[in-house]
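Reader: Please show me the model and let me ask how its labels were assigned.

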Amino acid sequence: NLKEKYFKDRLDLAIDYLSALLDVEFVFNIYGITLKEYLFVVQKHKDVLEKLKSKIIFHGKLNNLKAKNKISQADFSILFRNVNKMTSAGFPTKVSESISCGTPVITNSTSDLESYIIKGKNGFLVNLKSKYLMKELTSILSLSKSEVTNMKVYCINENLFSPKKYVQSTKFFLNKLKIK
């Protein structure tokens with residue numbers, strides 16, 4: 001059994017928090033790993049997942065096109081990570097993929113996500129150590145269908161991760177690198 005602190009993505013935390021939301025309707029679809037594979041690593045969730053098998057569903061691996069289709073159908077993607085050197089370097093592609101598919105993200109602040117996530121527009125940055133976390137997750141997952149649709153439309157229309165948006169800043173950066 002691996003130590004959770006070594007996990008890059010904290011699916012175990014998402015399951016812990018979601019399983020505690022007793023009065024919230026949700027279905028948490030998990031792609032990329034089967035239930036059997038997950039329980040091999042996180043045995044402590046066996047009973048919880050058995051109890052919530054209609055709310056937390058493992059689908060295993062999908063090809064990229066199917067995965068993007070499933071992401072685009074979701075109300076939100078959830079990505080929780082520990083804050084450490086590894087998660088602070090680079091940028092989580094799961095966030096850019098989700099938003100580019102038109103799906104807002106519920107995540108904690110790693111890397112420089114606070115420069116990209118606009119609360120209530122393309123996602124939510126949550127503090128995993130906050131005493132108000134459960135209340136915040138309940139509020140987010142209780143948004144109306146029209147509020148979620150507005151966020152999804154914003155994600156598509158804003159096209160935040162289009163390479164065209166970064167042409168000028170990239171040119172500026174590259175020009176600064178030129179040796180005089």
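Author: The second largest pocket is lined by L13, R81, N82, V83, N108, S109, V126, N127, L128 and K129. This is a predicted model, where local features need pLDDT of at least 70, side-chain atom pairs count only at pLDDT 80 or more, and totals for chains, interfaces and linings use all residues. Residues are numbered from 1 along each chain as its sequence is written, and side-chain values use heavy atoms, with hydrogens and water left out.

Reader: What makes a residue part of the lining of a pocket?

Author: A lining residue has an atom within 4 Å of a point of the pocket, on a 1 Å grid over the protein atoms alone. A pocket is an open set of points with protein on both sides within 12 Å along at least five of seven lines, whereas a cavity is a set where a 1.4 Å probe fits but cannot get out. The second largest pocket holds about 190 Å³ of space; a volume is the space filled by probe spheres set on the points, which are joined across faces, edges and corners.

Reader: How are the residues of that lining divided by class?

Author: Four are nonpolar, four polar and two charged. Ala, Val, Leu, Ile, Met, Phe, Trp, Tyr, Cys and Pro count as nonpolar, Asp, Glu, Lys and Arg as charged, and the others, Gly among them, as polar.

Reader: What lines the largest pocket, by class and by element?

Author: Its lining has 28 nonpolar, six polar and twelve charged residues. The space is about 1300 Å³, and of the 46 lining residues F28, N29, I30, S77 and I78 are the closest to the centre. Helix α4 (residues 64–73) gives the largest share, six residues. Helices (H or I, at least four residues) and strands (E, at least two) are DSSP runs, numbered from the N terminus.

Reader: Which residues line the largest cavity?

Author: They are A14, Y17, L18, I78, F80, I106, L137 and L141. By class this lining has eight nonpolar, no polar and no charged residues. The volume of the largest cavity is about 40 Å³, and the count of cavities of 30 Å³ or more comes to one. Two or more lining residues come from each of α1 (11–19) and α7 (133–141), with α1 giving the largest share, three residues.

Reader: Why are β1 and β2 said to pair?

Author: Two strands pair if DSSP finds at least two bridges between them. Strands β1 (residues 28–31) and β2 (residues 56–60) have four bridges, in the parallel sense, so they pair. I30 stands opposite F58 in β2. F28 and I30 form the covered face of β1, N29 and Y31 the uncovered one.

Reader: What makes β3 and β5 edge strands?

Author: The open sheet has the order β3-β4-β5, with parallel pairing. Strands β3 (77–79) and β5 (123–125) each pair on one side only. Strand β4 (residues 105–107) and β5 share three bridges, and V105 has G123 as its bridge partner in β5.

Reader: Why is C155 called buried?

Author: Buried means under 20% relative accessible area, exposed over 50%, and partly exposed in between (1.4 Å probe, protein chains only). C155 has 3%, so it is buried. C101, with 17%, is buried by this rule as well.
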